[in-house]
Amino acid sequence: MDSNNTQSPVRILVTGGSGLLGKAIEHVVTKQGVQYYPDLAQTRAIFEKHRPTHVIHLAAKVGGLYLHMKENLQFWRDNIRINDNVLHTAHEMNINRVVSCLSSCIFPDKTTYPIDETMIHNGPPHESNYGYSYAKRMIDVQNRGYRSQYGRKYTAVIPTNVFGPYDNFNKENGHVLSALINKTHTAKVEGSPLQVWGSGKPLRQFIYSLDIARLIIWVLREYEEVSPIILSVGEDDEISIKEAVEKIAETLEFKGEIVYDTTKSDGQIKKTASNAKLRSLLPDFEFTPFPQALKETCDWFLNNYDIARR
């Protein structure tokens, strides 16, 4: 997007612009992002075409728990290439400001809670998604390198579990909340029980994609540190998967049986994150209440069923 001030125009390139967060940022700034793939020549061609002054780097190979468990190596290789291509091309083209997106799954599996920004590299991530997690951690390493060697203002944000319109609603490979929305809708239409993988016990902090979009734009404009910042609702807003399932069923008016398949993995049981750093810098930010955000997401899914990724 271009600014309308008297200084040099600001042109922000959003990699992964067709995904969940890219579409949320597009909604907030009403401009279209650009999708990236793990190819250096293609990456450089897009940079040369658009000549950005700033980059919001969202592009990644992503998936749900069970896809990660099957393809850890591919998640590692694709994300390492994507991240290095984007960050190094930004450096070569003298772009001084890049905000990349990490994930709360990068934190150590064995840790104390709540986790905070200082704990990223304190131990191995959960075994279920180690490929993706280690690749994402390396963005922080690269950012520090570009800052120490070249003075670049490259940093990263760490959202907790993001959901919203334009998400991947695939029942097997989508993010947990969106996959459950699709499963619940299907069970309602078919008149069948809702099959939930796992026990429903894991705890998650869900955050609406439009809230994350507003926060990322704030980070791009105001946040000066190289150290990442966690973007999350508070610890008190953490809910179990079982509670989320029940809220989805209520929202979609599903009244059938809910069955928990405990032969399926739960993944990481808990990864409670602290948003104290965010609150210290932005104390008045108002998050969209979970019931409202969930309803808006369900409404979007139903209204766009034919085009939704599922």
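Which residues in H8 meet which residues in H10? In this predicted model, Lys 247, Ile 248 and Thr 251 form the H8 side of the contact. They meet Phe 290, Pro 291, Leu 294, Lys 295 and Cys 298 in H10. By class, the contact has 5 nonpolar, 1 polar and 2 charged residues.

Helix H8 spans residues 241-251, and helix H10 spans residues 290-303. Their axes come within 10 Å and cross at roughly 55°. The two helices are therefore oblique to each other. The crossing of H8 past H10 is right-handed.

Aromatic pairing was examined next. The count comes to 13 aromatic pairs. In one of them, the ring centres of Phe 163 and Tyr 208 lie 5.7 Å apart. Their planes stand at 40°, so this pair is tilted. Phe 163 belongs to strand E5 (residues 161-163) and Tyr 208 to strand E8 (residues 206-208). The pair therefore ties together parts that are 45 residues apart in sequence. Both Phe 163 and Tyr 208 are buried. For Phe 163, the relative accessibility is 2%. That value falls under 20%, so Phe 163 counts as buried.

Phe 163 also forms an aromatic pair with Phe 290. Here the centre-to-centre distance is 5.7 Å and the angle between the planes is 65°. The geometry is edge-to-face. This pair links strand E5 with helix H10, across 127 residues. Phe 290 is also one of the H10 residues that meet H8.

Tyr 166, Phe 169, Trp 300, Phe 301 and Tyr 305 form one aromatic cluster.

Terms used
Residues are numbered from 1 along each chain as its sequence is written. This is a predicted model: local features need pLDDT of at least 70, side-chain atom pairs count only at pLDDT 80 or more; totals for chains, interfaces and linings use all residues. Side-chain values use heavy atoms; hydrogens and water are left out. Axes are lines fitted to C-alpha atoms, for helices over the stretch in contact, and angles run from 0 to 180 degrees between N-to-C directions. Helices (H or I, at least four residues) and strands (E, at least two) are DSSP runs, numbered from the N terminus. Angles under 35 degrees count as roughly parallel, over 145 as roughly antiparallel, 65 to 115 as roughly perpendicular and the rest as oblique. A crossing is left-handed if the near helix is turned anticlockwise from the far one by less than a right angle, and right-handed if clockwise. Contact means heavy atoms within 4.5 Å. Ala, Val, Leu, Ile, Met, Phe, Trp, Tyr, Cys and Pro count as nonpolar, Asp, Glu, Lys and Arg as charged, and the others, Gly among them, as polar. Rings of Phe, Tyr and Trp (its six-membered ring) pair if their centres lie within 6.5 Å; planes under 30 degrees apart count as stacked, over 60 as edge-to-face and the rest as tilted. Buried means under 20% relative accessible area, exposed over 50%, partly exposed in between (1.4 Å probe, protein chains only).
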